[in-house]
Amino acid sequence: MRILGKASSINVRKVLWACDELNLRYTREDWGAGFRPTAEPDFLALNPNGQVPVVVDGDFVLWESNSILRYLANQYQGECLYPRSARERARVDQWLDWQATDLNSAWRYAFMALVRRAPGYQDTALIEASCQAWLGAMLVLQARLAETGAYVAGERFSLADIAIGLSVLRWRATEFERPALPGIDAYCDRLSRRAGFSAWAEPR
């Protein structure tokens, strides 16, 4: 299996962490800013959106990181991460979708402004609005973790924790005034005991 995408990408690291959890062998190729450009025809033939990651598993090509997570668990006996029970699986899917929509939308502007210092992301009102939306999302997550006492989809670690866990690290790494969230801190402590988290928590 080939994984196309630079290891500094948060979405690539989701896939790499899942591969570690499932003990899968793969080769990774550096694509993206600073490496081979994803605008090259060879890459666009695999993903017309020109974004990483892309997985090539034999003759099967897949893009979109959360879809890749689901595929890996389905294809490689990953019931430990993605339960077969319809209701348990739906709960994992719910939080995977929440990460990709609500959570990512909340933090994107603030992260691009305060961490990446990206041009076009310096509107102070939009930064403040993003920080407040981000806090709101983190409070939703903290309340959920208080319900389960462990992980986002329930008592067991799942694919949802891979996607959300890496996003939570961005919250902790972004410098702005925010309240203490002990439930989030405890969650990160639980995740840090997993080898995949230790390997892929930080960009490389």
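Three salt bridges are counted between domain 1 and domain 2. The model is a predicted one. Its protein is divided into domain 1, residues 2-76, and domain 2, residues 86-195.

**Arrangement of the domains**
- A distance of 22 Å separates the C-alpha centres of domain 1 and domain 2.
- In the contact, domain 1 takes part with 11 residues and domain 2 with 16 residues.

**Buried area**
- Between them, domain 1 and domain 2 bury about 1,300 Å², and 63% of this area lies on carbon and sulfur atoms.
- Of the area that domain 1 buries against domain 2, 46% is supplied by Ile10, Trp17 and Arg70, more than by any other three residues.

**Salt bridges and polar contacts**
- Arg70 also forms a salt bridge through its side chain with that of Asp93, at 2.8 Å from N to O.
- Seven residue pairs are in polar contact across the interface of domain 1 and domain 2, with both residues of each pair at pLDDT 80 or more.

**The side of domain 1 that touches domain 2**
- Helices α1 (10-21) and α3 (65-75) each supply at least two residues of this side of domain 1.
- The largest share, six residues, comes from α1.
- By residue class, this side of domain 1 consists of five nonpolar, two polar and four charged residues.

How values were computed:
Residues are numbered from 1 along each chain as its sequence is written. This is a predicted model: local features need pLDDT of at least 70, side-chain atom pairs count only at pLDDT 80 or more; totals for chains, interfaces and linings use all residues. Side-chain values use heavy atoms; hydrogens and water are left out. Domain bounds come from an automatic or database domain assignment. Contact means heavy atoms within 4.5 Å. Buried area is the accessible area (1.4 Å probe) that two parts lose on being put together, summed over both. A salt bridge is a side-chain nitrogen of Lys or Arg within 4 Å of a carboxyl oxygen of Asp or Glu. A polar contact is a pair of N or O atoms within 3.5 Å; within protein, one must be able to donate a hydrogen and the other to accept it, and residues adjacent in sequence count only if both atoms are side-chain atoms. Helices (H or I, at least four residues) and strands (E, at least two) are DSSP runs, numbered from the N terminus. Ala, Val, Leu, Ile, Met, Phe, Trp, Tyr, Cys and Pro count as nonpolar, Asp, Glu, Lys and Arg as charged, and the others, Gly among them, as polar.
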